[in-house]
Amino acid sequence: VQLQASGGGLVQAGGSLRLSCAASGSVSRINVMGWYRQVPEKSRELVALITDAGTRYGDFVKGRFTISRDKAKNTAYLQMNSLKPEDTAVYYCNVDGFKDGDYSSFDSWGQGTLVTVSS
């Protein structure tokens with residue numbers, strides 16, 4: 001299963017960006033779609049994730065970001081508003097679920113997309 005992430009870029013503080021993550025390949029069922037972020041010398045941290053049961057956000061989000069998904073397209077979106085310079089990071093999407101055919105599980109990571117917020 002491959003993930004294609006897009007939507008990163010440079011934005012001024014207070015601005016917005018929308019990230020997309022599309023899963024392709026032999027996907028039978030997706031359990032979780034999520035976004036994580038990482039800055040140099042720090043561990044990767046949860047930004048947001050979505051399941052059939054609902055959503056979960058990192059504490060730092062504080063209502064600024066919204067995760068959603070289009071099940072028919074196996075795509076997750078992360079709408080980020082009121083961006084701050086401290087949101088600057090590489091954002092990675094992560095998807096886990098089950099494959100077609102043998103119904104084996106998968107846990108895939110996207111290539112990362114850079115978000116830079118200028119002050």
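This is a short talk on the fold, the surface and a few residues of one predicted protein model.

Hi everyone, and thanks for coming. Two housekeeping points before the structure. Residues are numbered from 1 along each chain as its sequence is written, and side-chain values use heavy atoms, with hydrogens and water left out. The model is predicted, and local features need pLDDT of at least 70, side-chain atom pairs count only at pLDDT 80 or more, and totals for chains, interfaces and linings use all residues.

Let's start with the fold. How many helices and strands does the protein have? There are zero helices and eleven strands; these are DSSP runs numbered from the N terminus, with helices being H or I of at least four residues and strands being E of at least two. Along the sequence the pattern reads β-β-β-β-β-β-β-β-β-β-β. The radius of gyration is 14 Å, close to the 14 Å that the globule rule gives for 119 residues, so the protein is as compact as a globular protein of that length. That radius is taken over C-alpha atoms, and the rule is 2.2 Å times the number of residues to the power 0.38. Along the principal axes, the C-alpha atoms fill a box of roughly 50 × 25 × 20 Å.

Of the 119 residues, 40% count as buried. Buried means under 20% relative accessible area, exposed means over 50%, and partly exposed is in between, with a 1.4 Å probe and protein chains only. The accessible surface comes to about 6300 Å², and 46% of it belongs to carbon and sulfur atoms; the areas come from the Shrake-Rupley method with a 1.4 Å probe. As for contacts, meaning heavy atoms within 4.5 Å, take those between residues at least 6 apart in sequence: 54% of them join residues at least 24 apart.

On charge, the protein has 13 positive and 11 negative side chains, and the centres of the two sets lie 5 Å apart. Here Lys and Arg count as positive and Asp and Glu as negative, while His and the chain ends are not counted. Each charge is placed at NZ of Lys, CZ of Arg, CG of Asp or CD of Glu.

What does M33 touch, leaving out residues up to four places away in sequence? Its contacts include C21, A48, L49, I50, I67, R69 and N74.

Compare I67 with E41: they are 26 residues apart in sequence and 26 Å apart in space, C-alpha to C-alpha.

Back in β4, which spans residues 27-38, we find V27. V27 is buried, at 12% relative accessible area, and it touches V1, N74, F98, D100 and F106, again not counting residues up to four places away. V27 and G101 are 74 residues apart in sequence, yet their C-alpha atoms are 9.2 Å apart.

F98 brings us to the aromatics. The structure holds two aromatic pairs. In one of them, the rings of F98 and Y103 have their centres 4.7 Å apart and their planes at 10°, so this pair is stacked. For reference, rings of Phe, Tyr and Trp (its six-membered ring) pair if their centres lie within 6.5 Å; planes under 30 degrees apart are stacked, over 60 edge-to-face, and the rest tilted. F98 is partly exposed at 25%, and Y103 is partly exposed at 42%.

Finally, some loops. N74 is in the loop between β7 and β8 (75-80), is partly exposed at 22%, and has a positive phi near 50° although it is not a glycine. K62 also has a positive phi, of about 50°, and is not a glycine either. K62 lies in the loop between β6 (54-57) and β7 (65-70), and at 68% it counts as exposed. In the loop between β4 and β5 (45-51) you will find P40, exposed at 74%. The C-alpha atoms of P40 and V90 are separated by 9.2 Å, with the two residues 50 apart along the chain.

That's my tour, and I'm happy to take questions.
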